[in-house]
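Subject: A structure for you to look at

Hi there,

Here is the structure I promised to pass on to you. Please open it and keep it on screen while you read my notes below.

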Amino acid sequence: MADRITFEATVNGQKVGPLDIPADLMLTELLHEYLGLTGTRVACGQGVCRACSVLIDDGVAGSAAALTPLPACVTGAAYASGKSIRTIEGMAGDDGQGNPVPSAIQQAFLDHFSFQCSFCTPGFVISAQALVERLERAPVPRDQVEDTVLAAMNENICRCTGYVRYLGAVRDVVLNTPGLTTGDPEPAVTAAAGPAAGGRG
Amino acid sequence: MPAKDISRRQFLGTAAALGVIAVVRPLAPAEAAMMPSAVGRDPQWFQGGRLRYRRDGMAKVTGSKVFSLDMRARDVEGWPDRQSHAMTLHLPRADRVWQALDLSVLGDALQPDVLIDDARLAADGIEMQEADFYGRFFAVRGQVPGMMGQPAALAIWHDYERFRAARKLLQFNDAIWVWGDEAPQPPRKSYGGAQFVRIAGPDPRGADEFSPMKNYIIWPEETDRDIKWPDDDHPVFGQARRHAAQLHAEFATPPAGMQVFARHYSSQSVDPAAMEPENGLAWYDPAAGALNVIGATQSPYTVAEHLLAMVKASRFALNKLDFVTGYTVGYGQKEHQPFPYYVAVAGLYAQGNPVRLVLDRWQHFQFALKRHPFETDMTISVDADGVFQGFACEMIGDGGGVMNFSPSVGTVAVTAAQSIYYFPKSDLKCEVRPSVNVTAGSMRGYGTLQSMAATEMLVDEIATETGRDAIALRRINVLKSGMKNTQGAVPSGHLRIDEILALAENDPLWTNRAARKAEYEAANPGTLYGVGFAAVQKDFGTGAEAAIVQIEITPQGRLQMRHVSAEIGCGSTTAQLLVVQPWLGRPADDVEFSVMHWPQMPVHTQDQPYSTPQEEENRLAQDPAWVPRITSPRSASNSAYYFTHATQQAAQLLLRLGLWDAALSIWSGGGDGGQALAEPLELSDARWFEGRLTARSMEPLSLERLAERAHQMGLVTGVCVHTFNRWAWAEADFNVNGQTFRAPVDALSVRYGDGAPPDRKAAMTAGGYAFIPRLRVLYPPVQRNNAGTVYYAPCATMVEMSVATGSGEARLLSHKSWLECGTQIVPELVSGQMQGGIAMGIGHALYEDLPLGPEGPGNGKWGLSRYLLPRAADVAVWTQTGHVLPALSEQDPPKGMAEVVMIPVVAACGNAIAHATGKRLYRTPFTPERIRELL
């Protein structure tokens with residue numbers, strides 16, 4: 001059999017390992033087949049659709065790596081060993097009774113009816129979360145928010161939604177979260193972007 | 001969208017005949033017994049009388065297990081924890097004799113634990129059911145494969161690490177195939193064709209001289225290698241053929257003042273690229289003879305029916321079949337697809353282990369169903385006043401290696417070609433042919449994207465050539481309410497596309513386009529600017545839409561619903577909960593979706609809604625438990641209209657037969673006729689006010705109070721309806737408790753409250769319900785099958801594009817769409833469908849393209865790095881707008897709109913490029929290379 005490594009890491013705040021795994025195992029394989037975390041979905045297997053995005057903190061203070069979503073389908077588990085990994089399963093909190101407490105991004109995706117089939121949703125949550133955390137360190141002027149959101153989310157492919165309600169939700173979180181933007185705050189934006197929803201008739 | 005689906009009754013009948021215990025169930029309820037299910041547990045989605053988010057939203061946004069892809073054997077209670085892994089091996093070419101599979105690259109250590117091929121299946125008596133429709137399981141050695149991408153074998157490894165190591169060696173490895181000589185494909189039958197000829201009378205709303213509705217559709221004769229159209233003197237079809245010939249003669253020598261425009265259009269093969277690849281999990285327990293399958297399909301009953309027959313005919317014992325369906329997505333890619341049968345075969349051969357079979361993206365391109373490419377010849381004649389006179393359209397489709405839904409995709413495509421226009425004379429002809437390309441199926445749009453995009457580009461060109469405004473020309477020719485379509489059928493209800501045209505005509509983007517073009521091009525040297533517009537109306541429904549819904553109220557006033565609807569992403573399960581509000585005051589409290597077990601509705605069918613002769617149907621319909629079909633396949637655009645009708649009928653009948661009488665009892669109680677004495681009350685007076693029932697000046701009553709009284713009195717407290725639509729609703733007369741009434745349902749069962757007298761309780765033998773035999777039923781005549789369609793939703797899109805003269809790249813600057821879909825149940829879901837459909841249409845117009853032949857996806861070399869899908873930056877995400885026309889009234893039913901929204905943007909892009917460049921493209925997608933050639 002091929003070379004093997006010992007994998008140890010923190011996944012969503014929990015210590016994992018040591019695990020004896022093939023050295024060429026991809027991170028998605030590790031999450032799915034060894035750890036039972038199937039929310040990180042694989043659609044392309046080439047790192048081009050970003051359904052499988054995760055966040056990996058390399059432990060270096062101030063490192064930008066933790067804030068760059070990585071496609072887990074083409075990221076070796078070996079690379080993630082010894083690091084801290086965040087997946088979709090770690091994005092929501094818990095109310096203490098086993099019910100999820102969604103993150104601000106997750107709540108915005110719910111409020112905006114952002115997703116349909118939801119296969120790509122975990123990747124969008126991760127990309128948006130990374131953007132929010134990047135902006136916490138380096139806010140952008142309010143008039144650059146739409147360009148910033150588009151640049152941050154453009155790698156993620158969705159076939160159902162046309163992106164409008166995903167990006168509109170992220171834009172609202174960025175504009176309405178203190179500290180993520182610079183310049184004079186405008187009145188809070190709450191409406192979903194795109195085709196207006198007319199009256200129910 | 002004609003579709004074949006297997007009814008539950010038929011399925012269970014088969015199961016009983018075969019002596020098998022068979023269960024089909026959705027993943028979520030199944031999970032309830034297996035593992036904590038996130039869907040439906042979250043109570044936050046509807047609060048304070050307001051929909052906050054999709055009912056399945058919390059489960060989906062937190063990455064819970066909702067797809068079958070997410071499941072592993074260890075997640076399923078009662079299954080072994082161990083799990084094997086399977087892989088299909090697909091032949092990458094179809095031009096040589098395939099001789100053998102050589103797995104020597106795997107060495108001894110990585111050889112599969114099980115290898116299944118055609119010979120092994122034959123030895124064990126396993127055959128694909130309806131092989132003409134789905135294809136043979138595996139290619140046959142010593143023969144030339146019938147299709148690129150055809151599976152040749154299925155291999156199973158019992159541990160993950162050997163599986164993955166072997167997979168890496170086999171992936172993209174053409175050396176595993178041993179080929180013989182080059183060989184031609186043997187001749188194959190055409191997948192079918194049809195011709196629709198209409199010659200109108202003098203009045204567009206009056207009697208036709210000839211039409212499919214009034215007369216017949218022309219069906220060609222099939223030979224072993226093609227089809228043969230009937231001659232003009234054919235005894236059956238001669239008259240129609242002569243009418244068509246006369247129309248073409250007029251095109252050839254038009255009268256003075258008439259101009260004739262004939263163009264050829266080509267559309268490409270497209271993979272809908274559902275993000276969820278084909279997948280499934282199966283476990284066959286040989287000791288128990290139990291086959292358990294968790295699959296991803298839009299047609300679960302059909303799969304289960306075929307699995308029963310397939311396994312029963314084989315050497316494998318079968319005493320129990322459990323088919324579980326997950327949430328899925330496919331845009332038609334997972335409707336009646338062959339893949340679930342491979343999952344089951346993997347299960348049968350996995351030596352008692354649960355086994356998982358998933359296509360990677362390259363295999364998904366290689367084997368999953370595609371959108372048909374069409375070659376289309378289209379002709380329109382127009383008189384001096386700009387009025388269209390004649391229309392001809394001939395479409396030749398490439399159906400790929402296996403028939404699947406090709407025959408109906410062809411007919412639906414060509415009968416939609418008229419788009420939004422009225423034509424006094426028309427000749428529409430289609431044929432779909434086999435090829436070695438990957439099989440095409442019933443993708444979103446069902447062929448109409450290909451036909452209507454062509455029409456909308458031709459009409460735009462006619463406007464340019466005749467010096468007319470493109471929207472003004474459309475308004476001259478628009479199909480108005482009561483006019484007939486090209487099949488001679490009158491579309492249902494008021495046609496509102498002209499309202500949309502009027503709005504578009506006055507939009508500043510349209511009226512200022514010339515000035516904006518000059519301004520933009522001056523400011524952006526090397527870039528051209530164009531505005532394009534297109535408008536279509538898309539049918540929805542299959543012509544045989546059936547549904548079952550049950551709603552009951554508990555003594556405590558909780559509303560409980562059971563529904564056939566399943567979730568494929570469009571939000572139908574959220575919407576169906578809400579549509580009972582007008583009759584019951586609030587959404588259902590508890591709900592079970594994807595219900596396939598209906599003891600409450602003991603109806604039966606032979607499921608031949610398209611082909612049963614009228615006399616035979618009349619005879620069958622005398623049996624009050626007979627219906628033409630039990631349920632329809634899952635599809636996004638059908639649920640809004642057809643399922644809503646069923647849900648609302650059930651809600652309406654619960655009010656009419658139960659809660660209203662309970663209310664009258666309360667209002668007239670207390671002696672002297674109570675508060676109701678001085679007020680004449682009719683059911684039509686009933687109104688819900690802040691969740692309470694009132695009528696005129698009556699005291700508002702809570703659902704809890706009404707429920708308590710209804711149960712005390714033994715009134716109707718539960719209703720289960722079956723509905724059927726053949727381009728009109730079936731209606732039937734019923735008598736419940738001495739009250740005779742007619743309702744647009746064809747079967748009805750009711751449940752009586754706890755206080756019901758013994759005779760009523762004794763009648764509740766059907767799953768706790770009393771089946772009410774209908775007194776009389778009125779099914780829409782079978783001739784309406786020739787209508788093609790009568791239900792339409794209109795949509796138009798205007799796009800603003802830039803075209804780089806150097807690179808040829810066309811990009812969207814902004815776009816605006818108008819839609820009419822009756823009453824919006826959840827406006828946010830409508831808007832989301834609209835945005836998503838437009839993005840998919842942009843992909844078809846500008847990016848997505850699969851070559852036919854040896855370089856096509858059947859060769860296993862296509863992935864998402866080569867196949868371009870639109871991203872957020874490609875769809876004008878911040879600069880798009882949409883407008884939904886308000887409903888005509890609160891009774892205006894919701895219309896299916898998930899397909900129509902993706903179509904006009906395709907032609908609008910082509911028309912914008914023409915405005916930008918002054919030249920026209922006739923082949924989609926409009927790639928930079930093609931635009932460069934144009935320039």
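Let's start with one pair of residues: B:V803 stands opposite B:A810, which belongs to β34(B). Strand β33 of chain B (residues 792-804) and strand β34 of chain B (residues 810-819) run antiparallel, and nine bridges join them. Both strands belong to an open sheet of four strands in chain B, with the order β20-β33-β34-β35 and mixed pairing. At its edges you will find β20 (527-539) and β35 (880-884) of chain B, each of which pairs on one side only. From one strand to the next, the twist in this sheet averages 15 degrees.

Before you go further, please keep in mind that this is a predicted model. How confident is the predictor? The complex gets an ipTM of 0.93 and a pTM of 0.92. For chain B the mean pLDDT is 92, and 94% of the residues in this chain reach 70 or more. Two stretches of chain B need care, though. Over residues 1-5 of chain B the pLDDT stays under 50, and the model has 19 contacts beyond four places in sequence for them. Over residues 28-37 of chain B the pLDDT also stays under 50, and here the model has 14 such contacts.

Now for another sheet in chain B. Five strands form an open sheet with mixed pairing, in the order β9-β19-β18-β17-β12. Helix α7 of chain B (residues 238-252) lies across β9, β12, β17, β18 and β19 (425-434) of chain B, and runs at about 115 degrees to β18(B).

Next, turn to chain A. This chain has six helices and nine strands. Of its 201 residues, 54% count as buried. If you take the contacts in chain A between residues at least 6 apart in sequence, 65% of them join residues at least 24 apart. The domain assignment of chain A gives domain 1 (4-90) and domain 2 (93-182). The centres of these two domains of chain A, taken over C-alpha atoms, are 21 Å apart. Their contact takes 15 residues from domain 1 and 13 residues from domain 2. On the domain 1 side, those residues divide into nine nonpolar, four polar and two charged.

Finally, how do the two chains meet? In the model, 56 residues of chain A are in contact with 61 residues of chain B. On the chain A side, the elements that give two or more residues are α1 (27-34), α3 (104-111), α4 (121-137), α5 (145-153) and α6 (164-176) of chain A. Which of these gives the most? That is α3(A), with four residues. The residues on this side of chain A divide into 33 nonpolar, 15 polar and eight charged.

Enjoy exploring, and write back with any questions!

Best wishes

Conventions: Residues numbered from 1 in each chain as written. Chains lettered and ligands numbered in written order. Predicted model: local features only at pLDDT ≥ 70, side-chain atom pairs only at ≥ 80, totals over all residues. pLDDT = per-residue confidence, 0-100. Contact = placed C-beta atoms within 7 Å. Nonpolar A, V, L, I, M, F, W, Y, C, P; charged D, E, K, R; others polar. Domains from an automatic or database assignment. Pairing = 2+ DSSP bridges. Axes fitted to C-alpha atoms, helices over the stretch in contact; angles between N-to-C directions. Buried ≥ 20, exposed ≤ 12 C-beta atoms within 10 Å, placed from the backbone.
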